[in-house]
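Please examine the sequence and the three-dimensional structure shown below. The paragraphs that follow lead from the overall fold to individual side chains.

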Amino acid sequence: SFSFQIIVSYDFYKYINALYQANLERDAADWEISNWKQYLFNKGREYVSQNILQSLEARTKLVDNLYIYHLVRNRVPPEGDSYITSLVGGSTEESQLAIILGSAEFYTVAQTWPGTTGPTADERFIQALYLKFLGKISSDQEEIDWIALIPSIGRTGVSQSILEALE
């Protein structure tokens, strides 16, 4: 019985710490593991993982990483706080990412994204989205089709549609 408790304790410690490392990019403190332990036993792994993933700290880390990866710079608070608030409130990562990708700043970044070669800014924007998310170069016809949609659904709508193609 005693050895079983040690194994279980080590298992939940490893599980919670792995969640922290994956979502918060840090180790869990002993007091945090103690807090989550009761929820792990009473409500299960899904409850614990969802609550860590939806935490303010995890959502902040996610937005920080979106800035680094897609805007190629660090976020300077309070910018991006609206994305964090929306995510904590239940908005999807994809919807917030689409807003970032539809921004004037990403449009500028897309102009020099490696592999973009189009003669127009809109073509390079579409090419950057395809390279980043679909892992391929967009065809001339795909570029024409997406560019035609920009006036009606905007760059955010185009970004959202391309992200949905991943699903």
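**From fold to side chains**

Along its sequence, the protein follows the pattern α-α-α-α-α-α-α-α-α. It contains 9 helices and 0 strands, where helices (H or I, at least four residues) and strands (E, at least two) are DSSP runs numbered from the N terminus. The model is predicted, so local features need pLDDT of at least 70 and side-chain atom pairs count only at pLDDT 80 or more, while totals for chains, interfaces and linings use all residues. Residues are numbered from 1 along each chain as its sequence is written, and side-chain values use heavy atoms, with hydrogens and water left out.

The overall dimensions come next. The C-alpha atoms fill a box of roughly 70 × 30 × 25 Å, taken along the principal axes. The protein has a radius of gyration of 20 Å, whereas a compact globule of 167 residues would have one near 15 Å; this radius is taken over C-alpha atoms, and the globule rule is 2.2 Å times the number of residues to the power 0.38. Of the 167 residues, 38% are buried. Buried means under 20% relative accessible area, exposed means over 50%, and partly exposed lies in between (1.4 Å probe, protein chains only).

Where do the nonpolar side chains gather? A nonpolar core is a set of buried Ala, Val, Leu, Ile, Met, Phe, Trp, Tyr and Cys residues joined through side-chain atoms within 4.5 Å. The largest such core has 28 residues, and those with the most contacts inside it are L101, F106, F125, L129 and V158. The elements that give two or more residues to this core are α4, α5, α6, α7, α8 and α9, and α8 gives the most, with 6 residues. Apart from it lies another core of 13 residues, including Y15, A28, I33 and L40.

Helix α6 (residues 93-101) has the buried residues Q96, L97, A98, I100 and L101. Their cover includes α4 (56-71), α5 (81-88), α7 (104-110), α8 (121-134) and α9 (140-164). Leaving aside neighbours within four places in sequence, L101 is in contact (heavy atoms within 4.5 Å) with H70, F106, F125, L129, F133, S159 and L163.

In α5, the buried residues are Y83, I84 and L87. They cover an arc of only 100 degrees around the axis, which puts them on the same side of α5; the arc is that of the directions from the helix axis to the C-beta atoms. An α-helix has 3.6 residues a turn, so residues three or four places apart point the same way. The buried residues of α5 pack against α4 and α6.

The structure also holds 6 aromatic pairs. Rings of Phe, Tyr and Trp (its six-membered ring) pair if their centres lie within 6.5 Å; planes under 30 degrees apart count as stacked, over 60 as edge-to-face and the rest as tilted. F12 and F41 form an edge-to-face pair, at 5.6 Å centre to centre and 80 degrees between the planes. Because F12 lies in helix α1 (residues 2-24) and F41 in helix α2 (residues 30-43), the pair ties together parts that are 29 residues apart in sequence. F12 counts as buried at 8% relative accessibility, whereas F41 is partly exposed at 48%. The rings of F106 and F125 have their centres 6.2 Å apart and their planes at 70 degrees, so this pair is edge-to-face. It links helix α7, which holds F106, to helix α8, which holds F125, across 19 residues.
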